[in-house]
Amino acid sequence: MRELRVTILRFDPKKDPAPHAETYAVNVSEGARVLHVLHAIHDEIDPTLSYRYCCGSGQCGSCAVRVNGEPVLACMKEATDGITIAPLNLPVKKDLVVDLLPKIAAIASLVPSGEADARLPTKAQIDEIKPLRDCIECLACVSVCPAMTVTEFLGPTAMRQEMRLALDPRDTGTRVPDAVRDGLFTCTSCQACYLACPKKIKIPAKAIEKLRALANRQGLTLPRHQEVAALIEKTGRSVPQTSESLLEKVSEVIEPYGPVKGTIGFFVGCMYNLRQQQSALDALEVLKRNGIRVIIPKEQICCGSPLIRTGQLSYVDTLRKRNIDTFQSRGIVTVMTMCAGCGSTLKHDYVTPFKVMDINEVLVQYGIEPPARLPIRATYHDPCHLMRGQGVKDEPRQLIRQAVDLIEMPAICCGSGGGVKSGLPDEAAALGEKRREEIRKTGAEIVITSCPFCEFHIASHSDKPVKNIMTVLLEGYREKDRLAGKKNE
């Protein structure tokens, strides 16, 4: 047995003015789960504690709660000392019990044809349905969905079910129009639902994007998304060119200042090529300073992410082939991305003969010259397609902490992804304002991020300067050089 101290967020709407935290010391067996802790508190200390559970084996979803802010099944999560247990981000009925019924009631049911000879699913259809049918309706995904906090979106569970039914030949419902009506295009592709899901259902990739592709075939794609697709087919870029591009400004091969530690190909992306060029130029300086030769093929074009996320797939194979051939023809074995969306797309939506790495991964792998410390208190915004889409969370922080003091803030979507900023700007702005508030709470002087879309969007929703990690590192190097020059005077 061992003693654990746990804090539980308690709230009875009938008598409490607001939620409050209560801390308990409980004795439980080694390896006890959070549910065992709740049982111990209820049975031995406080029988008024309310929580749900049923199967105790991860199959019913009843015991979903948040532990240290993350949705989990209490019966599956190991309890550790000092944890905080709170209800899901849903209306609370009492303590850890939330109201699931309205969201579950909104989940569609199969509409049978009523005919005796209704077609049964084929083996291929069953295989397509399989990744979507394991949902236990715990609503962990709903509790973390940013779009649901600012729109009438029915949520990821509802979209998963719409796609499941759309694949079933026995169903006669109007699944795609219903999904569009219920907020299909409000999803920012942030992947929070996937990470929260105890069954690891890839709702954005397996449901949202596939429903959007079906919507495209039925002529239901948002007008602004159609405009972006037309621009990509015409120019190879998702944003219009208004000045000299980065690819036009730089040489194809950029040598480092000192000995060569490694060579990488640089997939620039549309935003760094045509909008956030200074961040990319700063990155090249940092790479040169750290012994990395950079090859930048001029024939590269849009990765296709804006098309994939919005379900417009007809031109994606052309983009894939062009980009793969461009880097492969130069014998490049590692392709580096700076854009979180491009990196996630190349890693997950391409099958490449080369390795794809984010710039933060590249610099941590090779190691960097320490920059000078800057007298700045900064906070870091995790780009969704970097932290959740690529699992790159620690590397940016390793780099940032070498230059400035880092103040953490909750990793929530800024609203710029999934085609939302272009197609539904009011929703993107509402999420941007939520990001502004979290930035304000930190008291930081600047915001650091590692994605051009996040840079661009957050800058319009914060009164703090927004800088790329590479820009901050470069400022640290310039300060180091200034101090060295002053010392040598």
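Glu-137 sits in the loop between H3 and helix H4, which spans residues 140-144. The model that shows this is a predicted one. The backbone at Glu-137 is worth a look. Phi of Glu-137 is near 55 degrees, a positive value in a residue other than glycine. The side of the story told by surface area is simple: Glu-137 is partly exposed, with a relative accessible area of 32%.

Gln-191 also has a positive phi. The value is near 75 degrees, and again the residue is not a glycine. Gln-191 belongs to the loop between H6 and helix H7, residues 192-196. Is Gln-191 buried or exposed? At 17% relative accessibility, Gln-191 counts as buried, because the cut-off for buried is under 20%.

Gly-367 gives a further case of positive phi. This glycine comes just after H16, and its phi is about 85 degrees. Now step back into the helix itself. Helix H16 covers residues 359-366. Its buried residues are Ile-359, Asn-360, Glu-361, Val-362 and Leu-363.

Next, take the whole chain. The protein is divided into four parts: domain 1 (2-98), domain 2 (102-218), domain 3 (238-366) and domain 4 (377-486). How far apart are the C-alpha centres of domain 1 and domain 3? They lie 46 Å apart.

Charged side chains come next. The count comes to 35 salt bridges. Start with a pair inside one helix. Lys-123 forms a salt bridge with Asp-127, and the closest N and O atoms are 2.8 Å apart. Why can these two residues be set about one helical turn apart? Lys-123 and Asp-127 are four residues apart in helix H3 (residues 123-129), so about one helical turn separates them. An α-helix has 3.6 residues a turn, so residues three or four places apart point the same way. The two partners fall into separate accessibility classes. Lys-123 counts as exposed at 59% relative accessibility, whereas Asp-127 counts as partly exposed at 33%.

Arg-293 pairs with Glu-255, with the closest N and O atoms 3.0 Å apart. Arg-293 lies in strand E10 (residues 292-295). Glu-255 lies in the loop between strand E8 (253-254) and strand E9 (262-267). The pair therefore ties together parts that are 38 residues apart in sequence. Arg-293 is partly exposed, at 24% relative accessibility. Glu-255 is partly exposed too, at 39%.

Arg-401 and Glu-408 supply one more example. Their side chains meet in a salt bridge of 3.3 Å, N to O. Arg-401 counts as partly exposed at 44% relative accessibility. Glu-408 is partly exposed as well, with a relative accessible area of 36%. Salt bridges can also share partners. In this way Arg-10, Glu-22, Asp-46, Lys-94 and Asp-95 are joined into one network.

Which residues form a positive surface patch? Lys-202, Lys-206, Lys-210 and Arg-217 do. Look at one of them, Lys-210. Its place is in helix H8, residues 203-217. Lys-210 is partly exposed, with a relative accessible area of 35%.

Now compare sequence with space. Leu-167 lies in the loop between helix H5 (156-166) and helix H6 (175-181). Leu-167 is buried, with a relative accessible area of 13%. How far is Leu-167 from Ile-126 in space? The two are 41 residues apart in sequence, yet their C-alpha atoms are 8.4 Å apart.

Cys-414 is found in the loop between strand E14 (405-407) and helix H19 (420-423). At 2% relative accessibility, Cys-414 counts as buried.

Definitions and conventions. Residues numbered from 1 in each chain as written. Predicted model: local features only at pLDDT ≥ 70, side-chain atom pairs only at ≥ 80, totals over all residues. Heavy atoms only, no water. Patch = residues over 30% accessible without salt bridge, like charges linked within 9 Å, V, L, I, M, F, W, Y side chains within 5 Å. Areas by Shrake-Rupley, 256 points an atom, 1.4 Å probe, with all protein chains shown as cover. Salt bridge = Lys/Arg side-chain N within 4 Å of Asp/Glu carboxyl O. Lys, Arg positive; Asp, Glu negative; His and termini not counted. Charge placed at Lys NZ, Arg CZ, Asp CG, Glu CD. Buried < 20%, exposed > 50% of the residue type's maximum accessible area, 1.4 Å probe, protein only. Domains from an automatic or database assignment.
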